[in-house]
Amino acid sequence: MIVFGASGHGKVIIEILESNGCTDIEVWDDAAKPDILHHRVQLASVDKLPADAGMVIAVGSNKIRKMIAERYSDKVAYIPAVHARTNLSPRCKVGAGTVVMAGVTINADAVIGAHCIINTNASVDHDCYIGDFVHISPNASLCGTISVGEGTHIGAGATIIPNLKIGKWCTIGAGSVVIKDVPDYCTVVGNPGRIIKQNITVSP
């Protein structure tokens, strides 16, 4: 298994894989980095990829994670990494390359897209739909039947009440309480949440 990204986030993903008994782990990065958790960091190279390579991208930035995922999409199998200590409904779905950290709850019929980060102790309730490349930060709580668009970042400790739609490439500030729909490309902060930026440009 290749963990792409020699960072603190990479350390967490290594431990998630180890919690499931995975010991054959390589760490790759685009730049020379010191070893992490006793794993030597290798410079990323498409030429080095074995035919049956599995990969998890250990990059916190949603935009950069998407770029890397697209770069290797036809060369590796993206594997979800789910910590052994989670509470996942057997009726939820978790997409390729998504990372689910310790203490997370995902309830019935929730759908998590590809290459998401569901961070420590976050909660995603029933019938939620989470788009690709979303990051739900530690202790965030999404109540039932919420839709979150691609690339959105939900800050630590944020709460989103039921039946709302959060657009793509939004930022929900830490501790915010969202009580109404949020359009695409917006930043929301506060309790109750209010939009402070609109039409945010997302660089390719």
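## A tour of the interface between the two domains

One salt bridge is counted between domain 1 and domain 2, a salt bridge being a side-chain nitrogen of Lys or Arg within 4 Å of a carboxyl oxygen of Asp or Glu. The model is predicted, so local features need pLDDT of at least 70 and side-chain atom pairs count only at pLDDT 80 or more, while totals for chains, interfaces and linings use all residues. Residues are numbered from 1 along each chain as its sequence is written, and side-chain values use heavy atoms, leaving out hydrogens and water.

Select residues 2–78 for domain 1 and 81–188 for domain 2 of the protein chain; such bounds come from an automatic or database domain assignment. Their C-alpha centres are 23 Å apart.

Next, show the interface. On the domain 1 side 17 residues are in contact with 20 residues of domain 2 (heavy atoms within 4.5 Å). About 1,400 Å² is buried between the domains, 68% of it on carbon and sulfur atoms (accessible area, 1.4 Å probe, that two parts lose on being put together, summed over both). Now pick Ile-16, Asn-62 and Arg-65: in domain 1 these lose the most area to domain 2, together 37% of what that side buries.

Then select Glu-150 and Lys-66, whose side chains form a salt bridge at 2.9 Å, N to O.

Finally, colour domain 1 by element. The side touching domain 2 draws two or more residues from each of α1 (8–19), β4 (54–57) and α2 (62–71) (DSSP runs: helices H or I, at least four residues; strands E, at least two; numbered from the N terminus). Of these, α1 gives the most, six residues.
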